[in-house]
Amino acid sequence: MKITILYSLLVMLISSCSSNTEQNKTLKAKEEQMNIFVKELNDYPRSIQEIIISENQLIRNVSLGYSKEQVRGVEKLNFTQSDEELHLLIAEGDLSDDISLDVEYQFTQHKLSSISLIIYTTGKEQQTRTFENLKEILTKKFQLSPSVNNWFIENNTEIKISKVGNEKEFDIELIFKLR
């Protein structure tokens, strides 16, 4: 009888240890999955990292719904314009010698409702490379189809990326907006 009880306790102990090991493996796998985006972002050129900045928020450490104060608190570019009547903040900066960025934050009822980024590049090749890098990051981060340039994600948010300009200007427009 004592041997049976002892044997039962031993089996329960071993099962418990093996169950904890499986749980630990599952947790480690989930943590690695969550950190994949961070590792991938670090593999991109510095200018791309400076555009995206954030792995947790929508983009640039900002999410739609933020207040003007919250946006001002996290945006590292220089704010060049602010229009209280139009509910608009504009920030700009140079990301490298040949890439600069304008970010327009649009507010509705004191909450961020749209983020428009204009990335200015110096040539068609750089525009194409930057566009493809940004699109790849977005499709991986939000699990989107790479065959289109316009997506809808959770919280009724639209993301649109496009090449803009002409024979002399090679820019990229990236928009996040509530629908």
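Is lysine 140 buried, partly exposed or exposed, and what is its relative accessible area? Lysine 140 is partly exposed, with a relative accessible area of 43%; the term buried means under 20% relative accessible area, exposed means over 50%, and partly exposed lies in between (1.4 Å probe, protein chains only). The structure is a predicted model, in which local features need pLDDT of at least 70 and side-chain atom pairs count only at pLDDT 80 or more, while totals for chains, interfaces and linings use all residues. Residues are numbered from 1 along each chain as its sequence is written, and side-chain values use heavy atoms, with hydrogens and water left out. Helices (H or I, at least four residues) and strands (E, at least two) are DSSP runs, numbered from the N terminus.

**Salt bridges**

- A salt bridge is defined as a side-chain nitrogen of Lys or Arg within 4 Å of a carboxyl oxygen of Asp or Glu, and the model contains 5 salt bridges by this rule.
- One of them joins arginine 46 to glutamate 50, with 3.0 Å between the closest N and O atoms. Both residues belong to helix 2 (residues 46-52), where they are 4 residues apart, about one turn of the helix.
- Arginine 46 is exposed, at 56% relative accessibility, whereas glutamate 50 is partly exposed, at 25%.
- Lysine 140 forms a salt bridge with glutamate 136, at 3.5 Å from N to O. These two residues lie in helix 4 (residues 124-141) and are also 4 residues apart, about one turn of the helix.
- Glutamate 136 is partly exposed, with a relative accessible area of 34%.
- An α-helix has 3.6 residues a turn, so residues three or four places apart point the same way.
- Glutamate 158 and arginine 179 make a salt bridge in which the closest N and O atoms are 2.4 Å apart. Glutamate 158 is in strand 6 (residues 157-165) and arginine 179 is in the segment after strand 7 (170-178), so this pair ties together parts that are 21 residues apart in sequence.
- Glutamate 158 is buried, with a relative accessible area of 6%.

**Helix 4**

- The expected span of a helix is 1.5 Å times one less than its number of residues. The 18 residues of helix 4 should therefore span 26 Å, which agrees with the 26 Å between its end C-alpha atoms.
- The buried residues of helix 4 include Phe131, Leu134, Ile137 and Leu138.

**Strands 3 and 4**

- Two strands pair if DSSP finds at least two bridges between them.
- Strand 3 (residues 100-108) pairs with strand 4 in the antiparallel sense over 9 bridges, and aspartate 102 stands opposite isoleucine 118 in strand 4.
- These two strands form a hairpin with 2 residues between them, and glutamine 109 in the turn has a positive phi of about 50°.
- Strand 4 (residues 111-121) is mostly covered, as 9 of its 11 residues are buried.
- Strand 4 also pairs with strand 7, in the antiparallel sense and over 8 bridges; isoleucine 119 stands opposite isoleucine 172 in strand 7.

- Strand 5 (residues 150-153) and strand 6 are antiparallel partners over 4 bridges. Tryptophan 151 has isoleucine 159 in strand 6 as its bridge partner.
- The hairpin of strand 5 and strand 6 has 3 residues between the strands, and asparagine 155 takes a positive phi near 60° there.
- Strand 6 and strand 7 run antiparallel and are joined by 9 bridges, with isoleucine 175 in strand 7 as the bridge partner of lysine 160.
- A hairpin of 4 residues connects strand 6 to strand 7.
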